[in-house]
Amino acid sequence: MTRSDFPLCRVDDLKEGQARGFDPLQRGKDSVFALMHEGQVRIYRNSCPHLDVRLEYRKDRFLSADGRLIVCYAHGAQFLPQTGECVYGPCLGQKLDALPWRLEEGWVVLQMPVATAMSGSVEVSRLAIHRIPTRD
Ligand code: FES
C-alpha cells in the first residue's frame, strides 16, 4: 500500500476557531475536515466514534460556537481540537481519526493510503476513509 496526496486548501485559508470540510474522494459529501488550532493544522476523518456518522450540522459547521471544541451535532459529543479526544458525550474517551498531512508550497496536502488495482489503475483504499452513512 502506498499513499496518495490530496491538496485540500491553502494553509492561509484555515482560520483559527473555524473548520472546513473537504470531499477528496469526490463522493458528494465531506469525508474529512481540517481546522487550525493554536497555530497548528489538524485533519480528521469526518466520522463520529459514537455511531460513525458525519459530525457537522451544515457545511463547515464542526465547531462549538466559541470555536474551542469540535462538536458532533447528532448527540452533542465534544472533542478536543488538538487530539480529537472526546471529552463529553456518549463516546467519552474515544478519539476522532487523525489523518496525516504535510505542508507543500503553502498547501495543506492530505496523505491517504491507496491500493493499486489489478488493472494498474490506482484506487483510494476504503480503509483510508470508511463508507460514511448520510443523515439526509
Ligand atoms: S453520533 Fe456523534 S455523538 Fe452520537
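Let me begin with a definition: two strands are taken to pair if DSSP finds at least two bridges between them, and strands themselves are DSSP runs of E with at least two residues, numbered from the N terminus. What you see above is a predicted model, in which local features need pLDDT of at least 70 and side-chain atom pairs count only at pLDDT 80 or more, while totals for chains, interfaces and linings use all residues. Residues are numbered from 1 along each chain as its sequence is written.

With that in place, arginine 20 has alanine 34, in E3, as its bridge partner, and E2 and E3, the latter covering residues 32–37, pair in the antiparallel sense over 4 bridges. They belong to an open, antiparallel sheet of 3 strands in the order E2-E3-E4. Because E2 (19–22) and E4 (40–45) each have a single partner strand, they stand at the edges, and one side of each is left without a neighbour in the sheet.

A second open sheet of 3 strands, again with antiparallel pairing, runs E5-E6-E7. Here E5 and E6 pair over 2 bridges, and valine 71 stands opposite glutamine 78 in E6.

Let me finish with cysteine 72, which sits in the loop between E5 (70–71) and E6 (78–79). Is this residue buried or exposed? Cysteine 72 counts as buried because it has 26 C-beta neighbours inside 10 Å, the threshold being 20 or more other C-beta atoms within 10 Å, with C-beta atoms placed from the backbone. Its C-alpha atom is separated by 7.1 Å from that of phenylalanine 62, 10 residues apart along the chain.

Conventions: A residue is buried if 20 or more other C-beta atoms lie within 10 Å of its own, exposed if 12 or fewer, and partly exposed in between; C-beta atoms are placed from the backbone.
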